[in-house]
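Biologist: I would like to learn how to read a structure one feature at a time. Could we go through one together?

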Amino acid sequence: MEIDINKNKASFIALVKAYVKRDGIDTLMQSLEKSDFYTAPASTRFHGSVDGGLCAHSIAVGKQLMALADLYAPGVYSKESLVIVALFHDLCKIGVYKRDTRNVRNEAGKWEQVPYFKFEEDFSYGGHGEKSVFIVMEHMKLSRDEAAAINAHMGFAGVQNVGAVSDVYDKNLLAWMLHVADEAATYIDKT
């Protein structure tokens, strides 16, 4: 899958400019500009494991979340809130995927070096969602619903306390919708 990094970057920035008016958004966007956010993959080998995959995935989550909000919660959440949680839910992936090579047996049975992305954090914080919330809140305030949505967007994957995530989804429709939008972008849109 080839990604047009410049087109996606422009789309991402346009979405933010159109909908996010919150104090601190300018410094958050400056921070993204200085990072590998627009060029980073979304994962090492699963969804969006190509240059620019992280930004493309975030945009796809935004589209899915808008559709889910129209279906399940029309008028309940502002476009600003939907855009914030969708576009910034995976900021924890900034600076974590490094290019490397590994030996793989080809179809002829010969070993050859192939490129891949390895996971190597520059800044270890802890959990996936928690780190994204922390990064966003270094720049701008999140509502409780927004913070909980980003924090719980991974669902039950790797969660120690399944009951806590279930409780978040039970009490916070935005959190459940973000999780479903993330899954749809990954498994349906393949980003």
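Modeller: We can start with one side chain. At 45% relative accessibility, Glu33 counts as partly exposed. Keep in mind that this is a predicted model.

Biologist: Which residue meets the side chain of Glu33 in a salt bridge?

Modeller: The partner is Lys9, and the N to O distance is 2.7 Å. Glu33 belongs to helix 2 and Lys9 to helix 1, so this pair ties together parts that are 24 residues apart in sequence. Lys9 is partly exposed as well, with 22% relative accessibility; the label applies because buried means under 20%.

Biologist: How many salt bridges does the structure hold?

Modeller: There are 10 salt bridges. One of them joins Lys93 and Asp90, with the closest N and O atoms 3.3 Å apart. Both Lys93 and Asp90 are buried. Lys118 and Glu120 also meet through their side chains, at 3.3 Å from N to O. Here Lys118 is partly exposed, at 26% relative accessible area, and Glu120 is partly exposed at 38%.

Biologist: Which residues are linked in a network of salt bridges?

Modeller: Arg22, Glu80 and Glu146 are linked in that way.

Biologist: Now the rings. What describes a pair of aromatic rings?

Modeller: Two values are used: how far apart the centres are, and the angle of the planes. A search of the whole structure finds 9 aromatic pairs. Among them is the pair of Phe12 and Phe37, which is tilted, with 4.9 Å centre to centre and 55° between the planes.

Biologist: Where do Phe12 and Phe37 lie?

Modeller: Phe12 is in helix 1 (residues 5-19), while Phe37 is in the loop between helix 2 (25-34) and helix 3 (53-72). The pair therefore ties together parts that are 25 residues apart in sequence. Phe12 is buried, at 0% relative accessibility, and Phe37 is buried, at 0% too.

Biologist: What kind of aromatic pair do Tyr72 and Trp176 form?

Modeller: That pair is edge-to-face, with 5.4 Å between the centres and 80° between the planes. Tyr72 sits in helix 3 and Trp176 in helix 8, so the pair ties together parts 104 residues apart in sequence. Tyr72 is partly exposed at 46% relative accessibility, and Trp176 is partly exposed at 28%.

Biologist: Which residues do ring pairs link into a cluster?

Modeller: The cluster consists of Phe12, Phe37, Tyr38 and Phe88. A ring can also have a charge over its face: Arg102 lies over the face of Tyr116, at 4.3 Å from the ring centre.

Biologist: Let us turn to the core. How many residues does the largest nonpolar core have?

Modeller: It has 46 residues, and those with the most contacts inside it are Phe12 and Phe88. Two or more residues come from each of helix 1, helix 2, helix 3, helix 4 (79-88), helix 5 (128-137), helix 6 (144-151), helix 7 and helix 8. Helix 3 gives the most, with 9 residues.

Biologist: What is Phe88 in contact with, leaving aside its neighbours within four places in sequence?

Modeller: The list includes Phe12, Val16, Ile25, Leu28, Met29 and Leu32. Val83, Ser132, Val136 and Met140 are also in contact with Phe88.

Biologist: Is Asn172 buried or exposed?

Modeller: Asn172 is buried, because its relative accessible area is 3%. Its place is in the loop between helix 7 (162-171) and helix 8. Not counting residues up to four places away in sequence, Asn172 touches Tyr77, Asp145, Ala148 and Ala149.

Biologist: One last residue. Where does Glu183 lie?

Modeller: Glu183 lies in helix 8 (residues 173-187). Glu183 is partly exposed, at 32% relative accessible area. Between the C-alpha atoms of Glu183 and Tyr38 the separation is 21 Å, and these residues are 145 residues apart along the chain.

Key:
Residues numbered from 1 in each chain as written. Predicted model: local features only at pLDDT ≥ 70, side-chain atom pairs only at ≥ 80, totals over all residues. Heavy atoms only, no water. Helix = DSSP H or I, 4+ residues; strand = E, 2+ residues; numbered from the N terminus. Buried < 20%, exposed > 50% of the residue type's maximum accessible area, 1.4 Å probe, protein only. Phe/Tyr/Trp six-rings, centres within 6.5 Å; stacked < 30°, edge-to-face > 60°. Lys NZ or Arg CZ within 6 Å of the ring centre and 35° of its normal. Contact = heavy atoms within 4.5 Å. Core = buried A, V, L, I, M, F, W, Y, C linked by side-chain atoms within 4.5 Å. Salt bridge = Lys/Arg side-chain N within 4 Å of Asp/Glu carboxyl O.
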